[in-house]
Amino acid sequence: MRVHAESREIQRKALVACDCRRALRRRGTERVARVVAGAHARDMAARGYVAHDAPEGTTPADRLRVAGIRGAASAENVARGPDARSVHEGFMASPAHRA
């Protein structure tokens, strides 16, 4: 499906842009981090919120720790938009998200 492949490519570019991929690859945990991020995205969609912290207060670091990733540098971008491309373009237009 084209939209799914496009979303994956945008996610990959976002990881490279924020330099998370390199930090996670050194620890061999990139795949686990993607699973954690995907689960959080599905939770936000199912429960209708967009935030780094879940309604119960769990943080991105908490989610990574539960998955067995400890002490890794990480970053997370969450956003809502009409499509993945517009969200990605918004991030790239934001100096804080390009740092």
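Predicted model: local features only at pLDDT ≥ 70, side-chain atom pairs only at ≥ 80, totals over all residues.
**Stop 1**

Where do D62 and R65 lie? Both sit in helix α4, 3 residues apart, which is about one turn of the helix. An α-helix has 3.6 residues a turn, so residues three or four places apart point the same way.

**Stop 2**

Is R63 buried or exposed? Its relative accessible area is 15%, so R63 counts as buried. The cut-off for buried is under 20%.

Next, show E76. The side chains of R63 and E76 meet in a salt bridge, 3.0 Å from N to O. E76 is partly exposed, with 23% relative accessibility, whereas R63 is buried.

Which residues does R63 touch, leaving aside its neighbours within four places in sequence? Select V36, H40, H52, A54, T58 and E76: R63 is in contact with each of them. Keep V36 and H40 in view for the next stop.

**Stop 3: helix α3**

Select residues 30-47, which make up helix α3. Draw a distance between its end C-alpha atoms. They are 26 Å apart. The expected span takes one less than the number of residues, so the 1.5 Å step is not applied to every residue.

Now colour the buried residues of α3: E30, A33, V36, G38, H40 and M44. V36 and H40 are among the contacts of R63, and both are buried.

G48 follows α3, and its phi is positive, near 70°.

**Stop 4: a network of salt bridges**

Select D43, R47 and E56. These residues are linked in a network of salt bridges. Zoom in on R47 and E56. Their closest N and O atoms are 2.6 Å apart in a salt bridge. How covered are the two partners? R47 has 39% relative accessibility, so R47 is partly exposed. E56 has a relative accessible area of 54%, so E56 is exposed. The cut-off for exposed is over 50%.

How many salt bridges are there by this rule? The count comes to 4.

**Stop 5: the whole protein**

Clear the selection and show everything. The protein has 6 helices and 0 strands. From the N terminus on, the elements run α-α-α-α-α-α.

Colour by burial. Of the 99 residues, 23% are buried. The accessible surface comes to about 6900 Å². Carbon and sulfur atoms account for 55% of that surface.

Finish with contacts. Take those between residues at least 6 apart in sequence: 49% of them join residues at least 24 apart.

Key
Residues numbered from 1 in each chain as written. Heavy atoms only, no water. Helix = DSSP H or I, 4+ residues; strand = E, 2+ residues; numbered from the N terminus. Buried < 20%, exposed > 50% of the residue type's maximum accessible area, 1.4 Å probe, protein only. Contact = heavy atoms within 4.5 Å. Areas by Shrake-Rupley, 256 points an atom, 1.4 Å probe, with all protein chains shown as cover.
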